[in-house]
Amino acid sequence: MSEHNSAKSIPVGLFRILEYESTLLDRATAMVLEETGFKINPGTKVLIKPNMVTARRPLACTHPNVILSVCRYLLDCGARVTVGDSPSYGSAAQVAKSIGLASGLARLGVKIKTLGRPVPLKLSFGEEIGISRDALETDFIVNIPKLKAHCQFNMTGAIKNMFGCVVGFRKAMAHARFGENPGLMEQMIVEVADSMPLGFNVMDGIYAMHKTGPIKGESFELSLLAASPDAWAIDTACYMLLGLNPGQLLLWNEGLRRDISGCNPDNLYYPVEPPDNFDTKDFQIPVNLSPMEFEFFRVVKGQFKNLLKLFKR
């Protein structure tokens with residue numbers, strides 16, 4: 001997903017914008033994309049991959065206005081755009097309707113799809129995970145994560161958002177299968193992200209989530225819109241901006257273990273605004289992390305509920 005560039009060559013565009021409703025949002029989106037080298041040919045098939053984890057908590061999802069701004073920019077470039085995710089609960093269409101995205105996509109003529117058609121990805125530690133053929137078969141992915149605290153990973157952003165390309169209940173099952181073994185979840189997430197087509201990243205940190213997450217955290221007015229061609233670099237920039245270090249963050253530590261250059265702050269530069277333009281002093285990350293593995297009965301119970309919904313249709 002990310003390109004591992006040489007030292008001091010990875011741009012991360014940071015821009016301070018106060019509200020999702022701002023008339024500046026479209027211009028800000030265009031600016032951070034263009035200042036970080038975004039280019040796309042007309043006719044390119046693009047999958048926009050936001051965070052659409054649940055219909056129940058809009059704060060947990062990428063804000064619809066950020067998604068729509070990116071859609072408008074890509075359509076103006078002549079791209080063929082689809083928005084897709086594989087939510088933890090329900091379909092992408094249900095989440096889109098709940099968070100107020102569906103009507104805007106309809107006006108633009110952009111389709112929303114639940115990422116499906118699983119194909120096995122062989123992992124380095126001898127296991128497999130089912131990732132979406134819909135994601136693999138697109139030409140280009142624009143990854144639009146929500147910056148948020150996470151009860152198991154402390155903080156997550158662009159790399160973790162690509163875990164949404166794992167199809168359906170396989171995400172929950174991955175926690176059950178790999179969560180008991182330290183390091184396997186991080187390795188799996190990194191390898192899923194690396195398996196995806198070339199892409200770009202736009203971070204929704206205008207109202208980030210803090211204290212806990214990824215669903216039940218609280219809103220934090222960070223006023224940050226960011227973009228980068230490198231998913232690791234945009235995460236690293238946000239983590240540094242928040243005053244965090246690799247010892248606090250499992251995924252960042254895994255990237256450094258793999259010697260990925262986007263994980264090294266010395267390799268990043270900021271063509272729009274410097275990180276110290278953002279007030280982060282009251283941002284809180286989880287104090288105590290939850291275990292990686294989910295209790296098995298929770299996985300079974302969730303799948304039973306999904307089956308009941310299917311039978312009721």
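A: Before the pocket, a definition: on a 1 Å grid over the protein atoms alone, a pocket is an open set of points where a 1.4 Å probe fits, with protein on both sides within 12 Å along at least five of seven lines, and lining residues have an atom within 4 Å of a point. Grid points are joined across faces, edges and corners, and a volume is the space filled by probe spheres set on the points. This is a predicted model, in which local features need pLDDT of at least 70 and side-chain atom pairs count only at pLDDT 80 or more, while totals for chains, interfaces and linings use all residues. Residues are numbered from 1 along each chain as its sequence is written, and side-chain values use heavy atoms, with hydrogens and water left out.

Q: What volume does the second largest pocket have, and which residues line it?
A: Its volume is about 190 Å³, and the lining consists of K45, V46, L47, R80, V81, T82, K113, R117, D134, E137 and T138. The elements giving two or more residues to that lining are β3 (45-50) and β4 (80-85), where strands are DSSP runs of E with at least two residues, numbered from the N terminus.

Q: How do the lining residues divide by type?
A: They divide into 3 nonpolar, 2 polar and 6 charged, with Ala, Val, Leu, Ile, Met, Phe, Trp, Tyr, Cys and Pro counted as nonpolar, Asp, Glu, Lys and Arg as charged, and the others, Gly among them, as polar.

Q: What is the phi of R117, and where does R117 lie?
A: R117, which is not a glycine, has a positive phi of about 55°, and it sits in the loop between β5 (111-114) and β6 (118-122). R117 is partly exposed, at a relative accessible area of 44%; partly exposed means between buried, under 20%, and exposed, over 50%, with a 1.4 Å probe and protein chains only.

Q: And what about K211?
A: K211 also has a positive phi, near 75°, and lies in the loop between β11 and β12. K211 is partly exposed, with a relative accessible area of 35%.

Q: Which residues does the cis peptide bond join?
A: It joins G213 and P214, with omega about 15°, and P214 is in the loop between β11 (199-210) and β12 (218-228).

Q: Changing topic, how many disulfides are there?
A: The search of the whole structure finds 0, a disulfide being a pair of cysteine sulfur atoms within 2.5 Å.

How values were computed. Helix = DSSP H or I, 4+ residues; strand = E, 2+ residues; numbered from the N terminus.
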